[in-house]
Amino acid sequence: MPSTSTQAADRPAAHFDQLLAADDFKAAFRNHPAGVSIVTADPGDGPVGLTATSVFSVSANPPLLVFSLSGHSSSAPALKRAETVVVHLLGADQLELAKTFSTSGIDRFADAGSWTRLVTGEPVLPSANAWLRGKIVNQMEAGDSTVVAVQVLQAKVPDDQARAAGQSRPLVYHNRTWHHLGDHSALS
């Protein structure tokens, strides 16, 4: 009986080189839940921001995170010019912020009561469950997106009292619908 590698070598190479259709790729990931974040920055010509479900931690030492920017996002050019960003990890209580920052063609910073600036100048959303300020250390073009690596310099995380009160229930996006995690969703 031939080995598996021999069987694979006997298959036509074109079979392995075909790209998956974009709609099929999106459908596969639509069923994969993701945490919801907002990324903000000010590259010098005003604040910009967007809702992202692509944020994840890469390293604890040094603290690094990455996110991707769609080339179709109106905020992408400004975020790519920024030296620093603030990544806001959202809870269920910040659903309206997530919707605002995912809406095209509006002034996402029109509600002056929902944001302020850090002493370092970046726009920050104080109501977020947690936020992480960092400097952009690398950018890589990937298809029609840009993967951005950020070294985290500062963070605001929920205190023990907020966590105990359930105020830090994470906001999750799954199958084109907003959800939250809590005791009701825990598996034993």
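**Entry 1: exposure and an aromatic pair**

I start with a cut-off: buried means under 20% relative accessible area, exposed means over 50%, and partly exposed lies in between. I also note that this is a predicted model.

I looked up tryptophan 178 first. Its relative accessibility is 25%, so I count tryptophan 178 as partly exposed. Next I checked tyrosine 173. Tyrosine 173 comes out at 28%, so it is partly exposed too.

I then asked about aromatic pairs. How many does the structure hold? I found four. In one of them, phenylalanine 109 and tryptophan 115 have ring centres 5.0 Å apart. Their planes stand at 75°, so I call this pair edge-to-face. Tyrosine 173 and tryptophan 178 make an aromatic pair as well. Here I read 4.9 Å from centre to centre and 65° between the planes, again edge-to-face.

Are phenylalanine 109 and tryptophan 115 buried or exposed? Phenylalanine 109 has a relative accessible area of 8%, so it is buried. Tryptophan 115 has 18%, which is under 20%, so it is buried as well. I also noted that ring pairs link Phe101, Phe109 and Trp115 into a cluster.

I then looked at how β11 meets β12. Strand β11 covers residues 171-174, and four bridges join it to β12. The two run antiparallel. Histidine 174 stands opposite threonine 177 in β12.

**Entry 2: strands around β10**

Next came β10, residues 145-156. I followed its pairing with β5, residues 63-70. These two strands pair in the antiparallel sense over seven bridges. Serine 70 faces serine 145 of β10.

β10 pairs with β9 too, and β9 covers residues 130-142. I found 11 bridges here, also in the antiparallel sense. Asparagine 138 has alanine 149 in β10 as its bridge partner.

What do β9 and β10 form? They form a hairpin, with two residues between them. In the turn I found glycine 143, with a positive phi of about 60°.

**Entry 3: a nonpolar patch**

I looked over the surface for nonpolar side chains. Leu20, Phe25 and Phe29 make a nonpolar surface patch of about 340 Å². Phenylalanine 29 belongs to helix α3, which covers residues 22-30.

**Entry 4: salt bridges**

Side chains of opposite charge can pair when their charged atoms come close. I searched the whole structure and got six salt bridges. I followed some of them up.

I took arginine 117 and aspartate 42 to begin with. Their side chains meet in a salt bridge at 2.9 Å, N to O. Where do the partners lie? Arginine 117 is in strand β7, residues 116-117, and aspartate 42 is in the loop between β2 (37-41) and β3 (48-52). They are 75 residues apart, and the pair links distant parts of the chain. Arginine 117 is partly exposed at 37%. Aspartate 42 is partly exposed at 24%.

Then I checked aspartate 45 and arginine 81. Their salt bridge has 2.6 Å from N to O. Aspartate 45 lies in the loop between β2 and β3, and arginine 81 lies in helix α4, residues 76-81. The pair therefore ties together parts that are 36 residues apart in sequence. Aspartate 45 has a relative accessible area of 54%, so it is exposed. Arginine 81 has 47%, so it is partly exposed.

Why do I list aspartate 93 as exposed? Its relative accessible area is 55%, and over 50% counts as exposed. Arginine 169, at 29%, is partly exposed.

Technical notes
Residues numbered from 1 in each chain as written. Predicted model: local features only at pLDDT ≥ 70, side-chain atom pairs only at ≥ 80, totals over all residues. Heavy atoms only, no water. Phe/Tyr/Trp six-rings, centres within 6.5 Å; stacked < 30°, edge-to-face > 60°. Buried < 20%, exposed > 50% of the residue type's maximum accessible area, 1.4 Å probe, protein only. Pairing = 2+ DSSP bridges. Patch = residues over 30% accessible without salt bridge, like charges linked within 9 Å, V, L, I, M, F, W, Y side chains within 5 Å. Areas by Shrake-Rupley, 256 points an atom, 1.4 Å probe, with all protein chains shown as cover. Salt bridge = Lys/Arg side-chain N within 4 Å of Asp/Glu carboxyl O.
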